Amino acid sequence: PRVRSELLVDLALEGLPDDPVVVELCCGVGAIAAAVRAARPDAEVWAADVDPDAVAVARRNLPPERVLEGDLYDALPRALRGRVDLLVANAPYVPSDEIAFMPSEARDHEHRVALDGGADGTAVQARVASGCREWLAPGGRVIIETSERQAPLTALLLDEQGLAVRALRD
């Protein structure tokens, strides 16, 4: 994972039960899922992304049958409902109008779908939060990477789902 996403991996590995089910949404190349799988070979790890190019690369980094193309939860097998111990997402969080101001290595080389978080940067995160309860196992956790500016909004989205929320900064 990129340096700024290493915290997600560290948090993901904290407190996982034996034989956990882990899902990475908005997986990109599947770096977070691959890191969790490498550290926890007992984990049943799944990954999903809407971008077919990202999915193609993620299928080289993970068991290809566990990398699914589709929009968030729509991509996942229904058999995972209520079984996910950890849901992790580095969902797009750049406000649409601010993509033009990003460093060129991001705005010129990343697909827009990987960057565009909607008007306030939380549109995709809101969809992750609103669907998480039906997929989580009892005691399951959600980890979402976001920016310092969006963190209070992201926390509110998860709080509204009845989840206990803590924000960590790296």
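These exercises walk through a predicted model, each with a worked solution.

Residues are numbered from 1 along each chain as its sequence is written. Because the model is predicted, local features need pLDDT of at least 70 and side-chain atom pairs count only at pLDDT 80 or more, while totals for chains, interfaces and linings use all residues; side-chain values use heavy atoms, without hydrogens and water.

**Exercise 1. Describe strand S1: what joins S1 to S2 and S4, and where do the side chains of S1 point?**

Solution. 
- Take the S2 side. Five bridges join S1 (residues 21-25) to S2 (residues 44-49). Leu-25 has Ala-48 as its bridge partner in S2. Glu-24 has Ala-47 as its bridge partner there.
- Take the S4 side. Four bridges link S1 to S4, and the two run parallel. Val-23 stands opposite Leu-87 in S4.
- Sort the side chains. Val-21, Val-23 and Leu-25 point one way, whereas Val-22 and Glu-24 point the other way.
- Check the cover. Five of the five residues of S1 are buried, where buried means under 20% relative accessible area, exposed over 50%, and partly exposed in between (1.4 Å probe, protein chains only).
- Follow the chain onward. S1, helix H2 (residues 31-39) and S2 make a right-handed β-α-β unit. Right-handed here means that, with the strands pointing away from the viewer, the path from the first strand over the helix to the second runs clockwise.

**Exercise 2. Work out how H1 and H2 meet: at what angle do their axes cross, and which residues take part?**

Solution. 
- Axes are lines fitted to C-alpha atoms, for helices over the stretch in contact, and angles run from 0 to 180 degrees between N-to-C directions.
- Apply it. The axes of H1 and H2 come within 10 Å and cross at roughly 40 degrees.
- Classify. H1 and H2 are therefore oblique to each other. Angles under 35 degrees count as roughly parallel, over 145 as roughly antiparallel, 65 to 115 as roughly perpendicular and the rest as oblique.
- List the residues. Leu-8, Val-9, Ala-12 and Leu-13 in H1 meet Ile-32, Ala-35, Val-36 and Ala-39 in H2. Contact means heavy atoms within 4.5 Å.

**Exercise 3. Examine Leu-80: is this residue buried or exposed, and which residues does Leu-80 touch?**

Solution. 
- Locate it. Leu-80 lies in the loop between S3 and S4.
- Judge the cover. Leu-80 counts as buried because its relative accessibility is 1%.
- List the contacts. Leaving out residues up to four places away in sequence, Leu-80 touches Val-21, Val-23, Glu-44, Trp-46 and Trp-135.
- Check one distance. Leu-80 and Trp-135 are 55 residues apart along the chain, yet their C-alpha atoms are separated by 6.6 Å.

Key
Two strands pair if DSSP finds at least two bridges between them.
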